[in-house]
Amino acid sequence: MVLDAVSLLTLFGLTIVLGYVGSLIFRKTKIPDIVWLLIFGLIVASFGLIDRTLFIAASPLLAALALIIILFDAGLNMDFYDMIHGFS
C-alpha cells in the first residue's frame, strides 16, 4: 500500500485534533488523552489503513523528532533560578 502526501497529512492532522480533543476530555473527566490516541492507533492498525513497513522505516526519524520536541518543551518550561538553586 502506497501512502500519498495527502493521506499522510490527513492522518497527522487527525492525530493532532484527536490529541487536542482528548486533552479537553481530560480536563472534564480525568480520562488521559493518551487512551484516545492509543485507541485511534489500534483502529488504524486493525483496519490496515497504514502500511507497517512505512512506520518501521520512519521510526528512527520519528524517535529523533519526538526526543527533540520533548527536550524543547522541557527547556521552555524550565525555571532558570530553580535550576541554579537545585545545583547546590
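**View 1. K30 is an exposed residue, with 57% relative accessibility.** Exposed means over 50% relative accessible area, buried under 20%, and partly exposed in between, with a 1.4 Å probe and protein chains only. K30 sits in the loop between α1 and α2 (33-46). Helices are DSSP runs of H or I with at least four residues, strands are runs of E with at least two, and both are numbered from the N terminus. Phi of K30 is positive, near 65 degrees, although K30 is not a glycine. Most residues other than glycine have a negative phi. K30 also lies over the face of F26, at 5.4 Å from the ring centre. A charge sits over a ring if NZ of Lys or CZ of Arg is within 6 Å of the ring centre and within 35 degrees of the ring normal.

**View 2. The whole protein chain is a predicted model.** Local features need pLDDT of at least 70, side-chain atom pairs count only at pLDDT 80 or more, and totals for chains, interfaces and linings use all residues. Residues are numbered from 1 along each chain as its sequence is written, and side-chain values use heavy atoms, with hydrogens and water left out. The protein chain holds four helices and zero strands. Its elements run α-α-α-α from the N terminus on. The C-alpha atoms fill a box of roughly 55 × 35 × 20 Å along the principal axes. The radius of gyration is 17 Å, whereas a compact globule of 88 residues would have one near 12 Å. That radius is taken over C-alpha atoms, and the globule rule is 2.2 Å times the number of residues to the power 0.38. Of the 88 residues, 6% count as buried.

**View 3. Confidence along the protein chain is given by pLDDT, the predictor's confidence in each residue, from 0 to 100.** The mean pLDDT is 80, and 91% of the residues reach 70 or more.

**View 4. Helix α1 covers residues 5-29.** Its 25 residues should span 36 Å at 1.5 Å a residue, and the end C-alpha atoms are 35 Å apart, so the two values agree. The expected span is 1.5 Å times one less than the number of residues. L11, G19 and G22 are buried in α1.

**View 5. Helix α2 has 14 residues.** From first C-alpha to last, α2 reaches 20 Å, close to the 20 Å expected at 1.5 Å a residue. I34 belongs to α2. At 47% relative accessibility, I34 is partly exposed. I34 and G22 are 12 residues apart in sequence, and their C-alpha atoms are 7.6 Å apart in space. Just after α2, G48 takes a positive phi of about 70 degrees.

**View 6. The structure holds one aromatic pair.** The rings of F80 and Y81 are edge-to-face, because their centres are 5.8 Å apart and their planes stand at 75 degrees. Rings of Phe, Tyr and Trp (its six-membered ring) pair if their centres lie within 6.5 Å; planes under 30 degrees apart are stacked, over 60 edge-to-face, and the rest tilted. F80 is partly exposed, at 49% relative accessibility. Y81 is exposed, at 57%.

**View 7. H85 is found in helix α4 (residues 80-87).** H85 is exposed, with a relative accessible area of 61%. A polar atom of the H85 side chain lies 2.7 Å from the backbone oxygen of Y81.

Key:
A polar contact is a pair of N or O atoms within 3.5 Å; within protein, one must be able to donate a hydrogen and the other to accept it, and residues adjacent in sequence count only if both atoms are side-chain atoms.
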